[in-house]
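Subject: Structure for you to look at

Hello,

Here is the structure I said I would pass on.

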Amino acid sequence: MSVIQSHKFKPFLFFALALACLLPAISSPIALLMGFTLASLGLVPDNLDLAKWTKKLLAYSIVGLGFGINLPEAIAASRDNIGLIIGSIIFTLVLGYGLTRLMKLEQKTGHLISCGTAICGGSAIAAVAPAINAKNDQTAVALACIFLLNSVALFVFPTLGHAFNLSEYDFGVWSAIAIHDTSSVVGAAAAYGDEALKTATTVKLARALWIIPIALLSAVAFGGDRSKIAIPYFIGFYCLAIAIAYFLPQGQAVYEVAFNASKRILIVCLFLIGAGITVKKMRANGPKPLLLGVLLWFAIGASSLAYILMTGQ
């Protein structure tokens with residue numbers, strides 16, 4: 001065994017690169033590519049629970065971002081886009097149901113991919129899967145498709161945003177609606193600008209609140225267990241952070257540190273997500289789940305962009 005693949009060197013290299021993601025020189029796409037490269041080369045420590053650490057760090061980073069959000073602006077952004085949020089969720093779920101039947105894809109897998117696209121990627125899948133008694137392989141396939149498309153979004157969305165000359169506000173709304181996971185939404189928006197980041201985070205988490213009713217409806221539709229729904233409690237702490245920053249403005253210096261630190265922690269999350277993606281895993285899933293994910297993603301991305309351009313938000 002070579003030195004670089006030894007059981008001692010792999011953890012050192014992995015954690016060294018993870019810590020490097022805290023540096024300003026490492027952007028969201030670069031962090032994702034670093035993680036993907038390590039995974040493809042077999043250099044990710046075998047005993048590391050990537051999903052667990054990603055989930056925890058993402059929750060902490062989202063709460064920290066709340067300290068940089070202006071409360072009146074957050075309320076306005078959520079209120080002004082509530083129609084787009086609800087409409088996009090219903091449109092995606094209905095289209096996903098139809099395409100799943102048309103493609104003769106396994107129903108629960110199709111529903112998980114649809115929920116992940118409609119609401120907030122991996123978090124929605126994690127919440128809905130136990131509610132519909134999905135098997136581990138069905139959940140894994142859905143997560144793999146969503147994570148791959150999230151990775152593409154980090155590169156594609158900022159480029160398209162500039163091509164269509166979107167304002168930071170409009171890009172924030174579009175990314176919150178059309179990108180699956182909160183991590184990639186925030187990553188893409190952060191690359192576009194601070195206003196885009198704040199708008200995207202607020203709208204995305206307003207959208208994420210729909211995890212609970214959709215999970216309940218899913219449990220009813222599939223005859224699952226409503227008591228097993230995983231509620232994303234970090235959304236409540238995010239709202240609390242916004243309220244603290246608004247009602248206790250004297251702590252502004254501390255809030256800025258928390259906000260900036262959270263942005264860097266999010267980059268680490270993207271590194272961990274990349275480390276969980278390999279070409280081998282994607283090939284094992286077959287073409288249909290990924291095709292469904294791509295079609296749904298294109299539909300919601302194109303329709304929401306058209307709406308934003310037409311309404312001139």
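A crossing is called left-handed if the near helix is turned anticlockwise from the far one by less than a right angle, and right-handed if clockwise. By that rule, α3 passes α13 in a left-handed crossing. Helices here are DSSP runs (H or I, at least four residues), numbered from the N terminus.

The model is predicted, so local features need pLDDT of at least 70 and side-chain atom pairs count only at pLDDT 80 or more, while totals for chains, interfaces and linings use all residues. Residues are numbered from 1 along each chain as its sequence is written, and side-chain values use heavy atoms, with hydrogens and water left out.

α3 and α13

α3 covers residues 50-65 and α13 residues 252-275; their axes are 8 Å apart and the packing angle is about 160 degrees (axes are lines fitted to C-alpha atoms over the stretch in contact, and angles run from 0 to 180 degrees between N-to-C directions). The two helices are therefore roughly antiparallel (over 145 degrees; 65 to 115 counts as roughly perpendicular).

α6 and its neighbours

α6 and α11 pack at about 165 degrees with axes 11 Å apart, which makes α6 roughly antiparallel to α11. Their crossing is left-handed. The α6 side of the contact includes His111, Cys115 and Ile119, and the α11 side includes Ile214, Ser218 and Phe222.

With α10 (residues 194-208), α6 crosses at roughly 115 degrees, the axes coming within 9 Å. α6 and α10 are therefore roughly perpendicular. Thr117, Ala118, Ile119 and Cys120 in α6 meet Lys204, Arg207 and Ala208 in α10. Four of these residues are nonpolar, one is polar and two are charged.

The second largest pocket

This pocket holds about 310 Å³ of space (a pocket is an open set of points on a 1 Å grid over the protein atoms alone, where a 1.4 Å probe fits, with protein on both sides within 12 Å along at least five of seven lines; lining residues have an atom within 4 Å of a point). Of its 13 lining residues, Leu93, Tyr97, His111, Ala221 and Phe222 are closest to the centre. α5 (82-103), α6 (107-131) and α11 (211-222) each supply at least two lining residues. The lining has six nonpolar, six polar and one charged residues.

Regards

Technical notes:
Grid points are joined across faces, edges and corners, and a volume is the space filled by probe spheres set on the points. Ala, Val, Leu, Ile, Met, Phe, Trp, Tyr, Cys and Pro count as nonpolar, Asp, Glu, Lys and Arg as charged, and the others, Gly among them, as polar. Angles under 35 degrees count as roughly parallel, over 145 as roughly antiparallel, 65 to 115 as roughly perpendicular and the rest as oblique. Contact means heavy atoms within 4.5 Å.
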